[in-house]
Amino acid sequence: ATRGVTRLVFVGSMATSNKLHLLTGGIGLGMRQLSKYSKLYANKPTYVQPFTLAAVASPRAMYPDYHKVYKESQNYDEIHLHTLSGSCHFVVNLVEQYPDLKAKISSAVFDSPCHIQGIPAALKHLKGVPEGITRPLISTVFRGAITTSDTFVREALLPGVPTGVIYSDRDKVAPVTMIEQMLESWAEGDAPASVLRMKTNSEHLLTMRDQPEDYEKFVESVMAMAKKPAPKTVDEAEGVAIPLVA
């Protein structure tokens, strides 16, 4: 598989489903690694979007993958997000460019979500690139991603949507203090997030490797709480039970 290529993957024999599972990858993860995550959604429609530096550096109107994801999403009534590391930037841009997409998101998992300022630490850890080289690039080439990162950590992107956050005491790219401050911010305001937490002792994006069964159960528990999408038409609304408010 070629890195950076967006593709729709059906793991195993595809079962009919009205829910799309959108997996957005983290820095350093190619299709081979992402295929391991996609197996969590065996027999379910799964769209895999690898992390690319082009997505971080390009104005969203000029990056074609946002429209590709949106176009595919039109075939489904629901979307489950599974977002790895810094690809939260991609998700913020996606829902800001296509606001109607947000209403389809019924559940979400963010694994090791990090601010764009975490990329220098990630590149140092993965490739040995000195942070003195990458940090100046963040404030110039990737300055748009600073805005989306700030937006993501400052307030809940998906208020009311069951959201799982996986993070760790040992993560140098997405430090635990940053994650917990982010979760506090998400809990404040008029539209708080509905959050489940999985705190581990793994390094960045290694929880699934270290605790595969616990990871899968956590993802399943988040999906079990999925918010049901609103009916599209009056006809579709017939027979839908509406809970009474006391």
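Biologist: Which residues of α3 and α4 meet, and what makes this a contact?

Modeller: Asp65, Tyr66 and Val69 in α3 meet His89, Phe90, Asn93, Leu94 and Gln97 in α4, and contact means heavy atoms within 4.5 Å. By class, this contact has four nonpolar, three polar and one charged residues (Ala, Val, Leu, Ile, Met, Phe, Trp, Tyr, Cys and Pro count as nonpolar; Asp, Glu, Lys and Arg as charged; the others, Gly among them, as polar). The model is predicted: local features need pLDDT of at least 70 and side-chain atom pairs pLDDT 80 or more, whereas totals for chains, interfaces and linings use all residues. Residues are numbered from 1 along each chain as its sequence is written, and side-chain values use heavy atoms, leaving out hydrogens and water.

Biologist: Why is α3 called roughly perpendicular to α4?

Modeller: Helix α3 (residues 65-73) and helix α4 (residues 88-97) pack at about 65 degrees, with their axes 10 Å apart. Angles of 65 to 115 degrees count as roughly perpendicular, under 35 as roughly parallel, over 145 as roughly antiparallel and the rest as oblique; therefore α3 is roughly perpendicular to α4. Helices here are DSSP runs (H or I, at least four residues), as are strands (E, at least two), numbered from the N terminus.

Biologist: What makes the pair of Tyr66 and Phe90 stacked?

Modeller: The structure holds seven aromatic pairs, a pair being rings of Phe, Tyr or Trp (its six-membered ring) with centres within 6.5 Å; planes under 30 degrees apart count as stacked, over 60 as edge-to-face and the rest as tilted. For Tyr66 and Phe90 the centres are 4.5 Å apart and the planes at 25 degrees, so the pair is stacked. Tyr66 lies in α3 and Phe90 in α4, so the pair ties together parts 24 residues apart in sequence.

Biologist: How do you know whether Tyr66 and Phe90 are buried or exposed?

Modeller: Buried means under 20% relative accessible area, exposed over 50% and partly exposed in between (1.4 Å probe, protein chains only). Tyr66 has 0%, so it counts as buried, and Phe90, with 5%, is buried as well.

Biologist: Why is the pair of Phe152 and Trp186 called edge-to-face?

Modeller: Their ring centres lie 5.4 Å apart and the planes stand at 85 degrees, so the pair is edge-to-face. Phe152 is in helix α7 (residues 143-154) and Trp186 in helix α8 (residues 176-187), 34 residues apart.

Definitions and conventions. Axes fitted to C-alpha atoms, helices over the stretch in contact; angles between N-to-C directions.
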